[in-house]
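Hi,

Here is the structure I promised to pass on. My notes on it follow below.

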Amino acid sequence: MKTVIYYFSHDGNTQWLAERISAGEMADLCRLIPYKEYPRSKINYLVGGMGVVFGLEPQIAGLKFRPTEYDTVIIATPVWASSFVPPIKTFLAQYDLRDKDVILVATSSGGDATKCFKALRKRLTGSRIVGEYSFVSPIQADSADVSEQVSTIRQLIGSKA
Ligand SMILES: Cc1cc2nc3c(=O)[nH]c(=O)nc-3n(C[C@H](O)[C@H](O)[C@H](O)COP(=O)(O)O)c2cc1C
């Protein structure tokens with residue numbers, strides 16, 4: 001059973017986490033890259049937040065790996081305005097994940113990811129959500145809790161291999 005991680009990351013936390021979850025060929029890693037980059041300054045809180053509020057679906061580059069080749073899909077997103085990021089919205093609109101096992105992963109700076117997971121589940125009717133994991137500023141934290149959650153996710157993937 002093959003696993004792929006689709007993730008978006010603006011400031012590196014979600015990427016850092018996705019790399020740890022996939023380490024040692026546990027899963028293929030596929031970054032979602034919007035054609036138009038989000039601003040590098042604080043203005044991104046406004047641009048990114050508005051993108052969520054207005055339900056934007058920015059164009060993303062072609063995928064390195066397609067979901068059709070996998071049984072298990074991990075979706076890893078930063079929490080923006082209490083929800084998932086617009087590039088993930090584009091991905092979910094373009095690719096069919098019905099009948100797949102899906103693991104949800106969110107990183108935030110302190111806010112709770114409940115609304116983000118709820119919104120993702122709403123977009124994923126037809127998929128089997130087999131896990132939900134949230135992390136607060138994982139790079140900065142780099143704690144035992146983070147390692148424990150990462151190893152729980154890796155065990156879950158491993159159990160499906
Ligand atoms: C546009 C924007 C909106 C955000 N909204 C929230 C939020 O609602 N709640 C929260 O806890 N963190 C929020 N954050 C912080 C990010 O979720 C957090 O820093 C996350 O780990 C970033 O992931 P990344 O480093 O992979 O980009 C927001 C950040 C940005 C840029």
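Start with Ser82. Ser82 counts as partly exposed because 16 other C-beta atoms lie within 10 Å, between the 12 or fewer of an exposed residue and the 20 or more of a buried one. Bear in mind that this is a predicted model.

The backbone at Ser82 deserves a look. Its phi is positive, about 65 degrees, although Ser82 is not a glycine. Most residues other than glycine have a negative phi. Ser82 sits in the loop between E3 and H3.

Ala81 lies in the loop between strand E3 (72–78) and helix H3 (86–94). Ala81 is not a glycine either, and its phi is also positive, near 45 degrees. How exposed is Ala81? Ala81 is partly exposed, with 16 other C-beta atoms within 10 Å.

Now the ligand. The shell around the ligand holds 22 residues. Asp11, Thr14, Gly48, Pro78 and Gly111 are the closest.

Which elements each supply at least two residues of that shell? They are helix H1 (13–22), helix H2 (44–53) and strand E4 (101–108). H2 gives the largest share, with 4 residues.

By residue class, the shell is made up as follows:
- polar: 16 residues
- nonpolar: 5 residues

Best wishes

Definitions and conventions
Residues are numbered from 1 along each chain as its sequence is written. This is a predicted model: local features need pLDDT of at least 70, side-chain atom pairs count only at pLDDT 80 or more; totals for chains, interfaces and linings use all residues. A residue is near a molecule or strand if its C-beta atom, placed from the backbone, lies within 6 Å of it. Ala, Val, Leu, Ile, Met, Phe, Trp, Tyr, Cys and Pro count as nonpolar, Asp, Glu, Lys and Arg as charged, and the others, Gly among them, as polar.
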